[in-house]
Amino acid sequence: MTFHTADGLPSSLPRPPGEVERLERAWEAPKGWRLLSAVNNSQIGVFYIATALLFFVLAGVLGLMMRAQLALPDNTLLSAQTYNQVFTMHGTVMMFLFAVPVVEAIAVYLLPGMLGARDLPFPRLSAYAFWAYAIGGIAFFCTIFFGVSPDGGWFMYPPLTGKEHSPGLGADFWLLGIGFIEISAIAGAIELIIGILFTRAPGMTLSRMPVYAWAMLVSAFMIVFAFPAIIAGTLLLELERAFDWPFFIAARGGDPVLWQHLFWFFGHPEVYIIFLPAAGMVSMMVPAMARTPLVGHRAIVVALVAVGFISFALWAHHMFTAGLSRHAMLFVSAASFAVAIPSAVQVFSWIATFWRGRVQMTAPTLFLLGFHFIFVLGGLTGIMVAVLPFDWQVHDTYFIVAHLHYVLIGGMVFPMFAGLYYWAPVFNGHRLSERCARWVFGLMFGGFNLAFFPMHISGLLGMPRRVYTYAGDLGWNLLNLLSSLGSFILALGVLLFFIDAARVFRKKIDHDNPWNAPTLEWLPQEDYGMRSIPQIASREPLWDRPTLAAEVVAGRHWLPGTHSGGRETLVTSWRDAVPQHLLVLPGDSWWPFIAAAGTAGFFLLLTVAQVVLAFACGITAIVAIVAWLWQTDQPPHAATAEVADGIFLPVGARGMASHSWWAMIILLCVDATVFASLVFAHVHVSMAAEVCPPPGASLPGAFWPLASGALLLAGSAAMLGAQALPARGRRAPVWALVLLAVLCVLATFGLDGRGQQLAGLSPTADAWSATVAAMLAWQGFHVAVLLIMGLYVCARAWSGKLRSDARASLDNTALLWHYVTVQGLAAMGVIHLMPLFG
Amino acid sequence: MSAPLLPLAPQLQSVLAPAGEAAARITSLSWLLIIGATLIFVFVMALLAGSLRRRDGARPVSPRLWILGGGVVFPLVVLTALLVWTMARTPGWMERPPPGALIVGITAHMWWWEVRYRDSATGREVALANELHLPAGRPVWLGLSSPDVIHSFWVPALGGKMDMVPGRVDHLMVQVDQPGSWRGQCAEYCGEQHARMALHVVAHAPADFDAWLAGQARPAAAPDAALLERGRAAFLVQRCNACHTVRSVADESRLGPDLTHVGSRLYLGAGTLLNQRGAMAHWVAHTQDVKPGARMPSSTDMDADTLAALAAWLEHLK
């Protein structure tokens, strides 16, 4: 790219007076309690990380309670009932409220700066996602104080967690509470994907993109395809508990193993969703500590992508003892071996980087070394348990508890602490105490190994998992005592860290680059991120261009001010990062907070059967979301904007060039995966049945699905027509066509329902009928959403807000419309054609 | 033939102390994996330590050696060899019992094990609970199921575990070489007292096993003293027969364990209480203290004499 300035930088000096002040005003953080309305990633990211660390500590305390109970045989410190709630909450809070949120939180905070963006592309969505997680998560945790926590294990296997064996509220809190926290994680994932692909600094081609961004991209895509399986699973189990639809009840054609498939299809990728971001962080810190570029940058990127794909084939290795087919298990075992290879590539690359460079023995380095030790050990026990006969012995024993803590604490927690020490100056300007860090590391490393290494042995000596006590004559006593001692030492190390952090983080100063690190997050940052968005020419921009920081602060690069007076960043092409258009971002707003509180209230109040209050919260949430959406999709303040000397870019984009269009596409991938999971449930149950439909159930005649399908297609056609109109400048019939589409889609649901009613569909009678009803209900949920969105688009058209240069509401709604058509046709196809193959 | 001596020594629930050929193969596999993993771990840590050595200037590295050699070729070779070797040593799947196998039905409940044999001599079905007796040297086919939640049958000395899933009947083939006794435990979280759901396995020489089975097939021992008469009467008056069967006394209910020969059992409460003097009375009177949440209520309202009689009668049912 050539620029018009004398020295080849995008913008020339002197900068206009007041430019940086206008920038500061646009990005100024709200003060006091108004901070709750902040949407900037610099604030949301901090709240998010702090909340995740809070859950880490809370779940850690639960872990200490477990170890206190298990320190002695036949101990009576905790009753069986209490212990079972405590271990369920320990696992659930650690996995759902700490592990995934913290890696997303770190990305929310760090990625925009690292990519050269001023913020994430949907700031209010990240605020909503955070508050939903925070409010829902804290309410969920509080169940332990009322003794109504779930006690079915973090993996919640039915039939134990069905209504018969878990009649209390605990399981419902898990299902509804965790279910919608997933939604928060998915919103974050969509945003990260769009941010990584659309908003990188000019010149930051994919091959120059930091490895951490690659890791987050892969993890985010994994979230998109893995989380829907557990959304589907929690939906089905809650329908079974609330309405007696017997998906998992064997006596009525259901199968408990169906839950295991759905849960682990999510659960296995989840652990890589947790590990890959940490591996990405390691790939950023190792070169900085070794003061040499990362060895095998491209190999590591390929390895990350490979792990992402392979990890989806491994879920059944959590089910090796469930009686599945031997051939399938051998395949899964082989795949579980295979996933070790990309992990080995990363480990050897990191060690090679250390080998090549001169390693500074700082706090981050200590934790990186600890990570290598613990994670490699955990990875090796992972290979061991991938061996079928060995797993048949150690599955569900303390050997697995040891393995999982080695890979999760080694693979994520240690890199996280390394990252906290490493990026502390970016957060606050200060480095944490190096001397204290040695104590923190020593206590954590020593305590961790003392706690968890003996568990390999107690598992091999026969100690099963999830036991509130054990007999004293089995040879496990000393091992358990050591584990308990170690856990408290580990906790002491963590406590020491927080004491040091509280001391250091009290006052904020401007940050320097104390590690002399090479990547963009180390540029001087304010609320607006960096003063100007740098033109990038290499993987290690701060090493290869020592003047970059000064240039950026002086405003010599892209977008040194604000064009519209509001918050802005650049959208660049996904592969070569060529600037495409100026993206105007929304400012702070109360709507996301209100919507999140309403959503959380809706789900939690439903769980305690406060239906009226729940619906009041739900309506509040919908109103808040509509109000928030109404503010979006505005025509640009100008057609073009000058983002560098003599370089003009369009303001905003429509259709396929728009970042919101692509976000919708990714959302539809999530949607389709939930639907595919429901189809899987139907197929699984159908294949187990001897006759399809089972005796007593029947299908509607051909008229119903054909008529319904025709109406779906008509609705899509109407939407296509509506989409064509604004381009021709004719807006009046737009709302008429949209209304027509709404009527079509309501009619299809009516036809589907009526047809099944005439066929005598009874979801409580057997699992086959229940899965048919579940797909119907899922389609019905979409019809309800289309109703709301259709009316919304009509309102936009009526009020004149729908224009050829402000039509995202129509275009994105149309995307969902066409998806619902395809989904409806697919559902009918599966339901009516499956019996022909039976 | 009396039961083996009590109490059992530790290490009888260990993967590393096998009692049969199938388990022994897994044990030797385990040692190979442990040693192999240790060697690889030490090797990688040595590289890590070596990378920290300080010296002047940068040390060139060959990316091909490290990434391709260490990261791809090395694990590929090791893992392929491991896969081939373990596939060869993974026992084949049997659809049905081999000829000459003893067939035992095990049904898991919350939180006890129902064990059923068919005595070939009399054709009678023999039911007991929480103990599995086997003839040494003969294959035994265990049919595994559960009517309530998912449990998992696991006796480490006999080999790997198998989940017991409602709606499915799975099986496990086991064979023990020598007489002895071992312990197993439910290995799938099944609710409040999952931790107290143990099972004891006793292997006899074949002739002793036949004698044992014949003994189990006999109906309950008749009372031969007034105390025992009172105890048997108390069993019915207290409505213990609402859940428990004692063949020839009460045959109505299978909700709880069969008590026809409970006096000869090693433990009470699925491995919770050693069956020694006073255990029976303690279990009956304080069930909820010993195993809170168990489906059996504590009999707190029985007077001491009745309790003593009942306990004596139950102990007499050998």
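Is A621(A) buried or exposed? At 6% relative accessibility, A621(A) counts as buried (buried is under 20% relative accessible area, exposed is over 50%, and partly exposed is in between, with a 1.4 Å probe and protein chains only).

This is a predicted model, where local features need pLDDT of at least 70, side-chain atom pairs count only at pLDDT 80 or more, and totals for chains, interfaces and linings use all residues. Residues are numbered from 1 along each chain as its sequence is written, chains are lettered from A and ligands numbered from 1 in the order in which they are written, and side-chain values use heavy atoms, leaving out hydrogens and water.

**View 1. A621(A) and its contacts.** A621(A) sits in helix α19 (residues 611–630) of chain A. Helices here are DSSP runs of H or I with at least four residues, strands are E runs of at least two, and both are numbered from the N terminus. Skip the neighbours within four places in sequence, and A621(A) touches A595(A), G598(A) and T599(A) (contact means heavy atoms within 4.5 Å). I594(A) is 27 residues away along the chain, yet its C-alpha atom is 6.7 Å from that of A621(A).

View 2. L36(A) is in the loop between α1 (19–27) and α2 (41–70) of chain A, and it counts as partly exposed because its relative accessibility is 31%.

View 3. A salt bridge means a side-chain nitrogen of Lys or Arg within 4 Å of a carboxyl oxygen of Asp or Glu, and the count over all chains is 23. K31(A) pairs with E28(A) at 3.7 Å, N to O; K31(A) is exposed at 59% relative accessibility, while E28(A) is partly exposed at 44%. In another pair, R545(A) meets E551(A) with the closest N and O atoms 3.1 Å apart. R545(A) is partly exposed at 36%, but E551(A) is buried at 11%. Then there's R807(A) with D811(A), at 2.8 Å, N to O, and both of these residues are buried.

**View 4. A salt-bridge network in chain B.** Shared partners link E114(B), R116(B), R118(B), E125(B) and R254(B) into one network of salt bridges. As for confidence, chain B has a mean pLDDT of 92, with 96% of its residues at 70 or more (pLDDT is the predictor's confidence in each residue, from 0 to 100). Take residues 1–7 of chain B with care: pLDDT stays under 50 there, and the model has 8 contacts for them beyond four places in sequence.

View 5. Chain A has 24 helices and 4 strands, and its C-alpha trace spans about 80 × 75 × 50 Å along the principal axes. Of its 838 residues, 64% count as buried. For the whole complex, the predictor gives an ipTM of 0.95 and a pTM of 0.96.
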